[in-house]
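Please consult the sequence and model shown below while reading.

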Amino acid sequence: MDGVLTGFVTIGVLIGMGAWVAHLGILDLAGGRLLALISFSVASPALLLTTIAESDPGVLFTTPLLVSAVAAGGTMLLYVVPARLAWREDAGSAVVGGFTTGYVNSANLGIPIATYVLGNAALVAPILLLQLIVIQPVGLAILDAQAAGKRPTLVGSVRTILTNPLTLATLAGVVLALTGWRLPELVASPIHVLAGFAIPAVLMAYGVTLRLGPGIAATGRDRLALTSGLKLVIHPLLAFLAGRLLGLDGQLLFAVVVLAALPTAQNVFVIATRYDRAEILTRDTILLTTLGSVPVIALIALLLG
C-alpha cells in the first residue's frame, strides 16, 4: 500500500506547492492558467506519446475494456442528460462535466493502485487507452467544434485529430505501439523531459486556482453533488454490474471496479482550462473525488478483494 500512499501524497504536495506560490504572489490566476495551457499544448502531448508508445495495444480487445467503456459512458451520460435538459448547459460545458464523472486518474494514481492493490500494473492499461484513444478525442472534437461555432461533423472531427495536440500525440503513440518502432534517442530524450513536466505543471496550476479562484461549490452545490456522487458511487457500481453481466469475476471484476472508483483525472482540469468550460466545477470535483476515493476504494477492497 506504500505506493498508493505515495501517489496521493505526491499529488497533494504538488497541489500545495501551487497554492503556496500563489499565496506568495509568485503566480497569479493568469500564471496558473499559463501553466495549464503549456501542459495542454506541449507537455501532456509528450506524456501521452511516451505512455501509449510503451503500452500493449492488445489490451484494447478485452472484456475489461468493454466493461470500462460501458461504466464510463453510462456515468457520463447521467451527467450530460440533466446538464443539457435541466440546466441548459452548452455542449462544451456538458462534455467537461461528463468528463469529471467518467474520466479517471488512471496514470499517477491508477498505476500505483493497480500495482499495490491489484498486484498487476498492466490491469490499468485498458482504461488508460480507452480514455486516451476514444473518450478524449470524441470530447475534444465536440469542444473544438463548439469553439469554432459549428456542429460536430466527420470532417470537423478529422480536422480535430490533425490539429489537436493531445489527440495527435495519442495517435502517434498508437502507431508506435502497433509497429513496435522506437524513436531515435536524439528525438526521444527531449520528449521524455517534456513529459516529466506535464503532471507537475497541471497540479501546480490546480493549486493556484484552489488558492485564488472562487470558493468551493461556486458553480452550484447541485452540480458538484451530482458530479462527485456519480464519480465515487455510480461509476464503480456500473462497473460492477457491467462486469458481472459480461462474465467477469474474481480479480478482473475487482480490478475494473477499483479502477472505476479512481478520482477524476487532473487532465480534465487542463481541458476545462483550455476551453474555458466548467473550470471551477472540474476543480472542485477533482478535490472531492480525490479525498473521497480513499474510503471508497478501501470499501471495495473489503467487499471484493
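The count of cavities of 30 Å³ or more comes to two. A cavity here is a set of points on a 1 Å grid, over the protein atoms alone, where a 1.4 Å probe fits but cannot get out. Points are joined across faces, edges and corners, and the volume is the space filled by probe spheres set on them. The model is predicted: local features need pLDDT of at least 70, side-chain atom pairs count only at pLDDT 80 or more, and totals for chains, interfaces and linings use all residues. Residues are numbered from 1 along each chain as its sequence is written, and side-chain values use heavy atoms, with hydrogens and water left out.

The largest cavity has a volume of about 50 Å³. Its lining (residues with an atom within 4 Å of a point) consists of Ser68, Ala71, Ala72, Ile127, His235, Ala239, Val256, Leu259 and Ala260. Helix H3 (63-85), helix H10 (221-245) and helix H11 (250-260) each contribute at least two of the lining residues; helices are DSSP runs (H or I, at least four residues), numbered from the N terminus. By class, the lining has seven nonpolar, two polar and no charged residues, where Ala, Val, Leu, Ile, Met, Phe, Trp, Tyr, Cys and Pro count as nonpolar, Asp, Glu, Lys and Arg as charged, and the others, Gly among them, as polar.

Two packed helices are described by the angle between their axes and the distance between the axes. Axes are lines fitted to C-alpha atoms over the stretch in contact, and angles run from 0 to 180 degrees between N-to-C directions.

| Helix pair | Axis angle | Axis distance |
|---|---|---|
| H4 (residues 91-102) and H6 (residues 125-147) | roughly 160° | within 8 Å |
| H10 and H11 | roughly 160° | within 8 Å |
| H6 and H8 (residues 165-179) | about 155° | 10 Å |

H10 and H11 are therefore roughly antiparallel (an angle over 145 degrees) to each other. Their crossing is right-handed, meaning that the near helix is turned clockwise from the far one by less than a right angle, whereas anticlockwise is left-handed. Lys231, His235, Pro236, Ala239, Phe240, Gly243 and Arg244 of H10 meet Leu253, Val256, Val257 and Ala260 of H11, contact being heavy atoms within 4.5 Å. This contact has seven nonpolar, two polar and two charged residues.

H4 and H6 are likewise roughly antiparallel, but their crossing is left-handed. The residues in contact include Val95 and Phe99 of H4 and Ile135 and Gly139 of H6. They divide into seven nonpolar, six polar and no charged.

H6 also passes H8 in a left-handed crossing, and these two helices are roughly antiparallel. Leu132, Ile133, Gln136, Pro137 and Leu140 of H6 touch Leu166, Thr167, Thr170 and Val174 of H8. Here the classes are six nonpolar, three polar and no charged residues.

How values were computed
1 Å grid on protein atoms, 1.4 Å probe; cavity = no way out; pocket = protein on both sides within 12 Å on 5 of 7 lines; lining within 4 Å. Parallel < 35°, antiparallel > 145°, perpendicular 65-115°, else oblique.
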